[in-house]
Amino acid sequence: MNTTHLSPLHRRELLRLLGLGGLAAFLGRNASAAEQAVAAAAAPAEAPNPAACYRRFHIGDATAYVLNDGYMPMPIQPMLATEAPAEELAKVLAAHFQKPVAEMPFNVLLVNLRGEWVLFDAGAGGFSAPTIGRLLPVMVAAGVQPEQITGIFISHAHSDHIGGLVDAKTKELVFPHAKYFMHQREFDYWTAPSPDVSGLRLPKEFISGMLEMVQTVLNKAKPKIQMIAPGDRVLEGIELIDAPGHTPGHFAFAITSGNEQLLHIVDAAHHEVLMFEHLDWTMAGDSTPALASVTRKKLFDRAAADRSRIFAAHFAYPALGYVRKNDTGYEFVHDRWTWT
Ligand SMILES: [Zn+2]
C-alpha cells in the first residue's frame, strides 16, 4: 500500500491533521492504520467543552491540574511500537481492548507551588494538528489566565511541548510573565547547525519540517529561557531528572509538596499499556530508542519503589496513576478520581 490509494482529499486531510508533511507516505507501510487515521481525520469528533478537559488534583498541599491540549489519531504501528512483531502487538492490544489506531492525548501539567503557577510544557499551540493546541481555553476554564503563569519547565523541544509558547499567527510570546527553564543539552541539540537525527524512524520531510518549527519557536523564546541542568535547584519542590532517549536533553520532573510526590515522566513512555508490558517497544520519534527504554526502566523502578504517583504527557487522560512491578514487567494502575 502506498498513500496513492487514498483520495487526494483524504491525503490532504491526513497531512493537515498530523501537521506533518511526509508522514502520510510513512504511514503507507501500514494500509489499515493509515486508512483508519484518515477516516478519523476526515470526521473529527466535535471538540468537547473546555471545562470537561481539565482535572484538578493535589500533590500534598499544592493544587495541580491536568490540562488536556487535545488529541491526534495515532497508528500504533509504525508510530508507537515501531519494532513490535505484528502478532505480539495484536495480542497485547486485544488483551487490553485497544484499537490499532489510538487517540493519543496531549496532557499538560499545571501546578501552584507556594502561590506561583508553574506549567510543565506549553502544549502544541497552533503549530501542529487542528485537534491539538487547546491548552489556553482549557486553562482559562480551570480559572487560570496566561498572565498568571510565572514559570514554564520545558521537558523537551518537540512541537507538541513547546508550540504553545508562541502564538502561531502573531508570533508573539503567549505567557507574558513567564520565565522558561530548559536543559542546556536540549537547547544545544536543536539549535546546532545540523542536529543528529539518525536515530529517528520518521520520514525526511517530516524531520526537516519539525526542525524548522522547533528552531522558529526556540529563537523567539530564547531571551526568556534560563538554561538548567539535572540536579539544579530552580524552584523549591521541583527535582530535575535527566531522562534522555526520547530526545538528548529530555527532562523528567519530581514535584514534591508536603509528604507527596508526583513523578512527571513526560515522554519517557507514550502508552500506558504497550510500554509497560514491553519496555523495549519504542516510538518512531525517539532520538535514541535504546536509551529511551533504559530511561523508562529507571523511572518505572523509581516510581514502583517509592509508590509515588506518576503523570505522563501521552497516557490516556488524565494520565495519573501508579507503576506496579509484576512477574513479567510493569503495569500502570490508574489513579482514582476524587472530588477533592
Ligand atoms: Zn510528546
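1. Pro318 is placed in the loop between β11 (309-312) and β12 (320-325); helices (H or I, at least four residues) and strands (E, at least two) are DSSP runs, numbered from the N terminus. The peptide bond that joins Tyr317 and Pro318 is cis, with omega about 5°. A cis bond also runs from Gln77 to Pro78, where omega is near 15°, and Pro78 belongs to helix α4 (residues 76-80).

2. The model is predicted: local features need pLDDT of at least 70 and side-chain atom pairs count only at pLDDT 80 or more, while totals for chains, interfaces and linings use all residues. Residues are numbered from 1 along each chain as its sequence is written, and side-chain values use heavy atoms, with hydrogens and water left out.

3. As to the overall fold, the chain has 11 helices and 13 strands. Of its 340 residues, 54% count as buried, where buried means under 20% relative accessible area, exposed over 50%, and partly exposed in between (1.4 Å probe, protein chains only). The accessible surface of the chain is about 14600 Å², and carbon and sulfur atoms hold 54% of that surface; the areas come from the Shrake-Rupley method with a 1.4 Å probe, and for residues only the protein chains shown count as cover. Among contacts with a separation of 6 or more, 72% are between residues 24 or more positions apart, a contact being heavy atoms within 4.5 Å.

4. The zinc ion is coordinated at 2.1 to 2.3 Å by Asp160 (OD), His161 (NE2), Asp267 (OD) and His314 (NE2). Donors are N, O and S atoms within 2.8 Å of the metal (3.2 Å for Na, K and Ca), and sites may look incomplete because water is not among the atoms. Along the chain the donors follow the spacing D-H-x105-D-x46-H. His161, in helix α7 (residues 159-162), and Asp267, in the loop between β10 (260-266) and α10 (274-277), are 106 residues apart, so this pair links distant parts of the chain. His161 is buried, at a relative accessible area of 3%, and Asp267 is buried, at 3%.

5. What is the geometry of the zinc site? The site is irregular, with angles of 86 to 163° among its 4 donor atoms. Four donors count as tetrahedral if all angles lie between 85 and 135 degrees; four count as square planar and six as octahedral if opposite donors are over 155 degrees apart and all others between 65 and 115; anything else is irregular.

6. Thr295 lies in helix α11 (residues 289-306) and is buried, with a relative accessible area of 7%. Leaving aside residues up to four places away in sequence, Thr295 touches Ala243, Pro244 and Ala268. Thr295 and Ala243 are 52 residues apart in sequence, yet 5.7 Å apart in space, C-alpha to C-alpha. A polar atom of the Thr295 side chain lies 2.6 Å from the backbone oxygen of Pro244.

7. In helix α5 (residues 86-95), Leu89, Val92 and Leu93 are buried. These residues lie on the same side of α5, because they cover an arc of only 100° around the axis; the arc is that of the directions from the helix axis to the C-beta atoms. Glu87, Lys91, Ala94 and Ala95 are exposed on the other side of α5. The cover over the buried residues of α5 includes α4 and α10. In helix α8 (residues 184-191), the buried residues are Glu186, Phe187, Tyr189 and Trp190. They fall within an arc of 160° seen down the axis of α8, and so line one face of the helix. Their cover includes β6 (179-183), α9 (204-221) and β7 (225-228).

8. Some backbone angles deserve attention, because most residues other than glycine have a negative phi. Asp121 has a positive phi near 80°; Asp121 is in the loop between β4 (116-120) and α6 (135-141) and is buried, at 4% relative accessible area. Lys171 has a positive phi of about 65°; Lys171 is in the loop between α7 and β6 and counts as partly exposed, at 37%. Phe97, which follows α5, has a positive phi near 55°.

Methods
A polar contact is a pair of N or O atoms within 3.5 Å; within protein, one must be able to donate a hydrogen and the other to accept it, and residues adjacent in sequence count only if both atoms are side-chain atoms.
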